Each structure stands twice: as structure tokens, then as C-alpha cells.
Amino acid sequence: QVQLVESGGGLVQAGGSLRLSCAASGSIFMLNTMGWYRQAPGQQRELVATVTTGGGNTNYANSVKGRFTISRDNAKNTVSLQMNSLKPEDTAVYYCLYRPDYSGYAGPSFWGKGTLVTVSS
């Protein structure tokens, strides 16, 4: 129904920056939530940041506040994550999320394949 393709991951030194992008295609519902989760080695997948269609409702993990910024382009069905002041603990596979927001309930979550971010110390 929905396909998500992430890009922008790579290897960076501590203190550096990366920008992740995700493009959604398929049966996109106009009202939705998109964002990023990450999974570090041996850890559970955790929230990084999400944003709703209007762009005014954002949610960030405490660990990334002030360093990461999420944005989206509704016309292109893309979401990006600007990551600054990267730390070794940011090392993880980052997954793009798409979830339609229907009237009265949230639809199913769709996930990208993930892109690896490695921050060296």
C-alpha cells in the first residue's frame, strides 16, 4: 500500500552532522504522521521524532531535543531529519515511519527498510 525509502545515512565523527530523508509513495492519505525511529545494537526501537501533516505538531525524544530537527514536504510526501552535534550514542539504524490519521483513529504504521548511522568517537 505504502512504500518508504530512506537515504542519507553514513559514517560521521562525533560533533558532525547528517541529514536523513524519506520518500513515501503509494496510497498516501492526506492527513498522516511521519517521522523517524531508531534501533541501536541490542536495543529496542525507539522514537526519535514525528511530525503531523500541518507541520505544527512535533514530538522529539528528550535525547535529541536541541540537536535534531524534523521537517516535511507534504506536496512531495517526504520527511527529513537534520541531525547536528551527533554523539556516539546516536549510532543506530534509523527507520522512517508513515501512519495515516483517520477520523477517530490512527491507521496502521508503515516502515522503511532503514538507513545506518554510525557516529565515531
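The chain contains zero helices and 12 strands, where helices (H or I, at least four residues) and strands (E, at least two) are DSSP runs numbered from the N terminus. The order of elements from the N terminus is β-β-β-β-β-β-β-β-β-β-β-β. The model is predicted: local features need pLDDT of at least 70 and side-chain atom pairs count only at pLDDT 80 or more, whereas totals for chains, interfaces and linings use all residues. Residues are numbered from 1 along each chain as its sequence is written, and side-chain values use heavy atoms, with hydrogens and water left out.

**Overall dimensions and packing**

- The radius of gyration of the chain is 14 Å, which agrees with the value near 14 Å for a compact globule of 121 residues; this radius is taken over C-alpha atoms, and the globule rule is 2.2 Å times the number of residues to the power 0.38.
- Along the principal axes, the C-alpha atoms fill a box of roughly 45 × 25 × 25 Å.
- Of the 121 residues, 37% are buried (buried means under 20% relative accessible area, exposed over 50%, and partly exposed in between, with a 1.4 Å probe and protein chains only).
- Among contacts with a separation of 6 or more, 54% join residues 24 or more positions apart (a contact means heavy atoms within 4.5 Å).

**Surface and charge**

- The chain exposes about 6,400 Å², of which carbon and sulfur atoms supply 49%; the areas come from the Shrake-Rupley method with a 1.4 Å probe.
- The 10 positive and 6 negative charges have mean positions 1 Å apart; Lys and Arg count as positive and Asp and Glu as negative, without His and the chain ends, and the charges are placed at NZ of Lys, CZ of Arg, CG of Asp or CD of Glu.

**Residues with positive phi**

- Asn-77, in the loop between strand 7 (68–73) and strand 8 (78–83), has a positive phi of about 55° and is partly exposed at 23% relative accessible area.
- Ser-85, in the loop between strand 8 and strand 9 (92–102), has a positive phi near 50° and is partly exposed at 42%.
- Most residues other than glycine have a negative phi.

**Surroundings of Arg-67**

- Arg-67 lies in the loop between strand 6 (58–60) and strand 7 and is buried, with 10% relative accessibility.
- The side chain of Arg-67 reaches the backbone oxygen of Ser-85 at 3.0 Å.
- A polar contact of 2.8 Å joins the side chains of Arg-67 and Asp-90; the term denotes a pair of N or O atoms within 3.5 Å, where within protein one must be able to donate a hydrogen and the other to accept it, and residues adjacent in sequence count only if both atoms are side-chain atoms.
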